[in-house]
Amino acid sequence: MTYAAGRHFLQIPGPTNVPDVVLRAMSAATIDHRGPEFQELASGLLRDIKPVFGTTNPVVIYPATGTGAWEAALTNTLSPGDTVLAFETGHFATLWQEMARGLGLHVDFVPGDWRHGADPDVVAEKLAADTAHRIKAVCVVHNETSTGVTSRVPEIRAAIDSAGHPALLLVDTISSLGSIDYRHDEWGVDVTVAGSQKGLMLPPGMSFNAISDKALNAAKTACLPKIFWDWGPMLTANERGFFPYTPNTNLMYGLREALRLLYDEGLENVFARHARHAAATRAAVRGWGLEVLCQDEREHSGALTAVLMPEGVDADKVRAIILDRFDMSLGAGLGKLAGKIFRIGHLGAFNDLTLAGTLAGVQMGLALAGAPADPRGLQDALELLQND
Ligand SMILES: Cc1ncc(COP(=O)(O)O)c(C=O)c1O
């Protein structure tokens, strides 16, 4: 491989660019995870991680990727044969329900077109019809990373409440936490699942469960098998600032620094920054003469934008040209969207000029691939960044 000058543009919707200060923090020597220095690090983190979830309840930190935290959410709250309600919002929602089935749960999987979020009206209907309370949990992917559609969690909570149904609400925020407004306590979420490699600006390998009192209570009787994921020993050890097994200490150094960055900027400002970049990206897509995959104005993702290719244009070819010519990685279409869309990640450590560079690269790549690429696209985005 020849040397590529300048910085690679990692504009996939996670893993995201890790800020230099976070990388430097992680390069410190690994310490004894049973010693007092670690105890101070972990106690501080277990306290300071809470505001980013919008909770005052416990947050568990796993040395695992997001898939592990999915499994933890299910196995700690449910028992074999329980029914869960889930929504086919895209690739990740599909994988989560496959996991639920694999664990021995029944899944009522509401079909979807991968262009809309989970429908609160369907939640209300399904739960109202379930008078025997067979449905034990509603599983929702907040931000579908495969489509750029953000489900309306507060409306889903209201739908559960309107049906007077006791189901738990389990929410995947793997690509929304730290990028899109999210409030575990205020929205009445029971388990929030999150990962390190997106809005938290860390490498992959760490994931989280934020846990409501109701979920803690459900855990007392839930009997799906679990050892590594068991909240019980984890919460007991966490009380003293320790873990029941070896934690990923260096990622914890990084997390301490990443949280400092997010809180210094202010979560409201972080969310507004992402929403503004998402609006500029949509302006570019429409200006190029292309279509944004998400079809509901209320559900556009602040974290990424999925761009639909016209018939006859292979999205993977566009991505390959952009990688080869401009050293930029964009997200591939996943599952049934393979080759039909590409995804522009605008989450994490990202500013106006990174977005301008990203959109310039996409515009040039589209033109080289013979796809619609009206220069009005970049122009519209720049005008929005300049004036808003
Ligand atoms: C919304 C969502 N859920 C779950 C996952 C799976 O997480 P991981 O790949 O960290 O195991 C991802 C990964 O990108 C995701 O975006």
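View 1. The UniProt annotation "domain: Aminotransferase class V", from an unreviewed entry, covers residues 10-319; UniProt positions are given in the numbering used here, feature names are shortened, and annotations may be inferred rather than shown by experiment. This is a predicted model, in which local features need pLDDT of at least 70 and side-chain atom pairs count only at pLDDT 80 or more, while totals for chains, interfaces and linings use all residues. Residues are numbered from 1 along each chain as its sequence is written, and side-chain values use heavy atoms, with hydrogens and water left out. The end C-alpha atoms of residues 10-319 lie 12 Å apart, and the span is 41% helix and 16% strand. Helices (H or I, at least four residues) and strands (E, at least two) are DSSP runs, numbered from the N terminus.

View 2. Five strands form an open sheet in the order 1-13-14-12-11, with mixed pairing; two strands pair if DSSP finds at least two bridges between them. At the edges are strand 1 (9-11) and strand 11 (291-292), each pairing on one side only. Strand 12 (residues 304-308) pairs with strand 14 (residues 341-345) in the antiparallel sense over five bridges, and here Leu-304 stands opposite Gly-345. Helix 11 (residues 267-288) lies across strand 11, strand 12 and strand 14, at about 10° to strand 12. Helix 13 (residues 352-368) lies across strand 1, strand 13 (328-332) and strand 14, at about 160° to strand 14. Contact means heavy atoms within 4.5 Å; axes are lines fitted to C-alpha atoms, for helices over the stretch in contact, and angles run from 0 to 180 degrees between N-to-C directions.

View 3. Is strand 9 (residues 191-195) largely enclosed or open? Five of its five residues are buried, so strand 9 is largely enclosed by the rest of the structure. Buried means under 20% relative accessible area, exposed over 50%, and partly exposed in between (1.4 Å probe, protein chains only). Val-191, Val-193 and Gly-195 cover one side, with Thr-192 and Ala-194 on the other. Strand 8 (residues 168-172) pairs with strand 9 in the parallel sense over three bridges, and Asp-172 stands opposite Val-193. Strand 10 (residues 207-211) pairs with strand 9 in the antiparallel sense over five bridges; there, Ala-210 is the bridge partner of Thr-192.

View 4. Helix 4 (residues 66-77) is mostly covered, with 10 of its 12 residues buried, including Trp-70 and Asn-76. A search of the whole structure finds eight aromatic pairs. The rings of Trp-70 and Trp-96 have centres 5.8 Å apart and planes at 5°, so this pair is stacked. Rings of Phe, Tyr and Trp (its six-membered ring) pair if their centres lie within 6.5 Å; planes under 30 degrees apart count as stacked, over 60 as edge-to-face and the rest as tilted. Trp-70 in helix 4 and Trp-96 in helix 5 (residues 91-102) are 26 residues apart, and both are buried.

**View 5. An edge-to-face pair.** The ring centres of Tyr-182 and Trp-187 are 5.3 Å apart and the planes are at 80°, so the pair is edge-to-face. Tyr-182 and Trp-187 are both buried.

**View 6. Gly-232 in helix 9.** Gly-232 is found in helix 9 (residues 231-238) and counts as partly exposed at 36% relative accessibility.
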